[in-house]
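Dear colleague,

Please find the structure below, handed over for your review.

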Amino acid sequence: MSAEQANTPSGQSAWLRWRRPVAIVVGLAVLLTALIGMWLPGWLRPRLEKAATEALGTPVSLQALQISPWRGEVTLDGLAIGPAAAPILRIQQAQAQLSLESVWRLAPVLRRVRIDKPDLWIERQSADRFNFSAVLDKLTAPSPKSQTDSEPAHFAVFNIELNDGLVRYSDRVLNQEHRIDQLRIGVPFVSNLPSYVNVDVKPQLSARVDGSALSIQGDALPFTEGMRSAVHVKWDGVDVPHWVKVAQPFVPQPWSVAATDGRLDADLTLRFEERKPPAVPKLSIEGGLKLSKLALNLSQAPVLGQVDAGWQVLDIQGLDAQPLERQVRIGTILLDGVQWRNRPVALKKGDAQPVSASPASNAAHEPAPASTAAPWS
């Protein structure tokens with residue numbers, strides 16, 4: 001409206017008619033922003049902390065809560081779960097954006113969820129108890145209000161991203177420490193109802209596992225015929241001595257395995273496709289493995305004695321395994337620099353002797369009837 005039009009009687013009349021509605025809308029917008037964006041977070045934060053503490057059975061604290069009503073975003077800063085001296089989980093920032101679909105679906109539909117710098121500490125305190133066991137007991141305890149026949153809650157969460165995560169594992173039983181850092185996870189969606197939210201996050205996981213770089217990337221078409229999906233796994237520079245030491249408590253006695261050197265590089269693609277019966281689903285594992293500079297020490301007294309074994313390179317390429325169809329194809333196998341040295345162990349007086357087979361034991365180890373399953377090829 002020009003200045004001359006506003007000064008005319010008709011222009012002034014139109015402006016007076018619209019001035020009040022515009023002022024009301026602007027006032028309501030300012031009031032809504034002040035209430036939801038400024039007053040509500042301060043009122044809501046201590047109540048959320050109290051409710052979460054009671055639900056989990058462990059302290060929950062939150063440094064700040066932010067709400068952006070016009071963008072539908074809720075941001076949590078400085079979330080900590082567990083005792084202040086040793087929290088189980090800490091998250092620097094978590095942000096969620098609500099979609100307008102939540103209104104007409106009468107169920108939460110989140111357009112995006114982003115979690116920055118989560119720090120998860122898992123401690124195995126005894127054979128069957130962890131530092132989160134009390135929380136798990138609290139969550140799984142039966143509730144008098146629970147109904148076993150109630151329908152599951154409907155929800156949809158899209159574009160889930162986790163950045164720069166850290167997972168620390170302390171095993172007080174086996175006296176082991178493990179660390180997963182630089183953790184990044186991308187999940188396109190988790191939902192039990194249809195939605196039309198745009199998906200721009202591809203399935204992925206990358207991290208360093210005890211210093212070894214791990215990368216997993218996937219492509220999934222869950223709503224297409226066949227439910228085809230593919231996952232690419234790349235794990236480089238795996239420290240073999242470290243993982244052999246980790247597995248040692250699970251090696252049956254009297255066997256003993258130790259490694260002084262070795263590196264594993266894996267580059268594999270896992271593909272899955274659902275097929276109509278009677279055909280079995282198709283699962284294929286493709287790619288290659290390379291195990292370099294392996295040095296093992298094996299012992300099993302009194303039969304095997306002490307064995308030093310290893311090689312310079314074991315390189316398997318062109319792998320195409322279809323385990324559900326019992327088929328394996330390998331393009332090339334390169335084995336170079338094999339070393340083997342056996343040192344028999346002299347038996348001491350009182351040591352157990354190898355037991356010779358008796359007729360009864362021979363009968364017990366007769367060949368079992370041939371399996372009807374198709375042989376591996």
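**Aromatic pairs and a serine contact**

Phe-158 counts as buried because its relative accessibility is 5% (buried means under 20% relative accessible area, exposed over 50% and partly exposed in between, with a 1.4 Å probe and protein chains only). The model is predicted, so local features need pLDDT of at least 70 and side-chain atom pairs count only at pLDDT 80 or more, while totals for chains, interfaces and linings use all residues. Residues are numbered from 1 along each chain as its sequence is written, and side-chain values use heavy atoms, with hydrogens and water left out.

Rings of Phe, Tyr and Trp (its six-membered ring) pair if their centres lie within 6.5 Å; planes under 30 degrees apart count as stacked, over 60 as edge-to-face and the rest as tilted. By this rule there are four aromatic pairs. One of them is the tilted pair of Phe-158 and Phe-189, at 5.9 Å centre to centre and 35 degrees between the planes. This pair links distant parts of the chain, 31 residues apart: Phe-158 lies in strand β5 (residues 156-171) and Phe-189 in strand β6 (residues 176-191). Strands (E, at least two residues) and helices (H or I, at least four) are DSSP runs, numbered from the N terminus. Phe-189 is partly exposed, with a relative accessible area of 28%.

Trp-235 and Trp-243 form an edge-to-face pair, because their ring centres are 6.3 Å apart and their planes stand at 75 degrees.

Ser-133 belongs to helix α4 (residues 133-140) and is buried, at 7% relative accessibility. Its side chain reaches the backbone nitrogen of Phe-130 at 2.7 Å.

Kind regards

Definitions and conventions
A polar contact is a pair of N or O atoms within 3.5 Å; within protein, one must be able to donate a hydrogen and the other to accept it, and residues adjacent in sequence count only if both atoms are side-chain atoms.
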